[in-house]
Protein chains: 2
Amino acid sequence: MSSADRITAQMAFLNEADRLKSVSRATTLADGSRPENSAEHSWHVALYALVLAEHAPKGVDASRVIRMLLLHDLVEIDAGDAPVFGDHDTAALEAKESAAATRLFGLLPGDQGNAMRALWDEFEANETPDARFAKSIDRFQPPNQNLASNGGSWITYNVSYDAMVARVGSKISNGAPNLWNWLQPRVSDFFARMR
Amino acid sequence: MSSADRITAQMAFLNEADRLKSVSRATTLADGSRPENSAEHSWHVALYALVLAEHAPKGVDASRVIRMLLLHDLVEIDAGDAPVFGDHDTAALEAKESAAATRLFGLLPGDQGNAMRALWDEFEANETPDARFAKSIDRFQPPNQNLASNGGSWITYNVSYDAMVARVGSKISNGAPNLWNWLQPRVSDFFARMR
Ligand SMILES: [Ca+2]
């Protein structure tokens with residue numbers, strides 16, 4: 001494949017990626033004015049990873065984490081965003097996201113599509129230190145948006161403190177215990193004030 | 001400064017950064033449905049850099065380019081987006097953006113704020129190979145959005161082919177000649193069909 005043909009394939013991918021700007025999330029902007037979309041969320045979590053990298057466990061490669069986070073939500077172009085506090089059929093969702101990954105990364109030149117698919121698979125598997133830190137950052141941003149917007153998706157989904165700790169806190173502390181230690185008292189205070 | 005105090009300062013910065021999602025640009029989404037905002041644009045150009053890195057001149061560090069692009073538009077929170085085909089007082093805009101950088105990067109712990117400010121200054125100066133590639137990517141995305149949306153900001157600002165080449169093409173070819181060589185015939189065809 002010539003260099004120009006590779007650019008043509010890469011631009012087909014990058015034009016399709018544009019659709020992530022139209023995928024809506026349960027979380028709002030910090031000022032509560034509207035739901036956040038998955039493209040701007042992806043930017044925000046990549047910036048989180050850049051700024052908070054010093055709090056990652058030893059051995060985490062921040063540049064790989066940033067790459068994972070830039071890609072992590074692309075499958076939502078076909079599969080939509082599954083709110084963390086919503087109910088969904090996990091097996092059906094995973095099949096849909098996997099088909100989306102095949103279609104989207106398949107737009108790229110073969111070698112590059114395979115490498116990006118592998119990075120997305122690594123993120124999803126949540127086993128390597130890079131993936132675990134990336135997943136923790138992805139879980140750490142929404143509660144901070146909710147604290148800023150006075151409840152956000154916690155109100156929409158009628159979430160309790162215990163449910164928040166079980167579904168989100170556990171995942172943040174898995175890959176970024178320092179960040180969970182910082183966040184936990186703030187979340188606990190918020191829910192105590194709501195009672 | 002303790003690790004927890006650093007996180008507190010970093011979160012003040014990341015919460016303030018959220019406002020970039022409300023800064024509107026002249027370019028639209030690829031489907032023309034609404035103007036793009038600067039946060040989702042920042043995500044898109046970071047993804048461009050990740051995908052198109054192989055077309056960068058030798059010696060360019062893609063990870064540094066991605067970091068620059070994640071930060072490059074933050075000053076627009078205070079200074080707004082200055083459309084490339086609009087008229088503006090360059091000296092006044094630069095002063096406004098510099099004050100914005102001082103305020104925003106000043107929210108971070110001192111060492112980190114200085115490092116991020118230096119990266120933004122490097123991007124703005126457009127002299128190092130990393131900055132020149134980053135700036136080229138930032139200029140390469142909007143014409144691709146315009147081609148996808150059948151004219152976009154070229155129509156809004158009544159732009160001629162020659163003006164496009166002078167203001168945008170020259171900057172793309174400065175840091176990424178391969179990308180300009182790919183784009184130029186596509187843009188030329190578009191303007192020929194419009195005539
Ligand atoms: Ca700009």
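**Entry 1: B:N126.** I looked up B:N126 and found that it counts as buried at 19% relative accessibility; buried means under 20% relative accessible area, exposed over 50%, and partly exposed in between, with a 1.4 Å probe and protein chains only. The model is predicted, so local features need pLDDT of at least 70 and side-chain atom pairs count only at pLDDT 80 or more, while totals for chains, interfaces and linings use all residues. Residues are numbered from 1 along each chain as its sequence is written, chains are lettered from A and ligands numbered from 1 in the order in which they are written, and side-chain values use heavy atoms, with hydrogens and water left out.

I located B:N126 in the loop between helix 6 (110-125) and helix 7 (129-148) of chain B. Helices (H or I, at least four residues) and strands (E, at least two) are DSSP runs, numbered from the N terminus. B:N126 is not a glycine, yet it has a positive phi of about 55°. Most residues other than glycine have a negative phi.

**Entry 2: A:N150.** I then turned to another residue with a positive phi that is not glycine: A:N150, with phi near 65°. A:N150 sits in the loop between helix 7 (129-148) and helix 8 (152-156) of chain A. Its relative accessible area is 57%, so A:N150 is exposed.

Entry 3: I examined strand 1 (residues 24-28) and strand 2 (residues 35-37) of chain A, which run antiparallel and are joined by 2 bridges; two strands pair if DSSP finds at least two bridges between them. A:T28 has A:P35 of strand 2 as its bridge partner. The hairpin has 6 residues between the strands, and there A:G32 takes a positive phi near 75°.

**Entry 4: the calcium ion.** I noted the protein donors of the calcium ion as B:D73 (OD), B:E76 (OE) and B:D81 (OD), lying 2.5 to 3.1 Å from the ion. Donors are N, O and S atoms within 2.8 Å of the metal (3.2 Å for Na, K and Ca); water is not among the atoms, so sites may look incomplete. Along the chain the donors follow the spacing D-x2-E-x4-D. B:D73 counts as buried at 7% relative accessibility, whereas B:D81 counts as partly exposed at 21%.

**Entry 5: the core.** I looked up the largest nonpolar core, which has 112 residues. Such a core is a set of buried Ala, Val, Leu, Ile, Met, Phe, Trp, Tyr and Cys residues joined through side-chain atoms within 4.5 Å. A:L74 is one of the residues that touch the most other members. Leaving aside neighbours within four places in sequence, I found A:L74 in contact with residues including A:F13, A:F105, B:W43 and B:L47.

**Entry 6: the two chains.** I recorded that chain A can be laid on chain B with an RMSD of 0.0 Å by a turn of 180° and a shift of 0.0 Å along the axis. That is the relation of a two-fold axis. Copies are superposed by least squares on the C-alpha atoms of residues with pLDDT of at least 70 in both. Of the interface residues of chain A, 100% are also interface residues in chain B, so the copies meet through the same surface.

Technical notes. Contact = heavy atoms within 4.5 Å.
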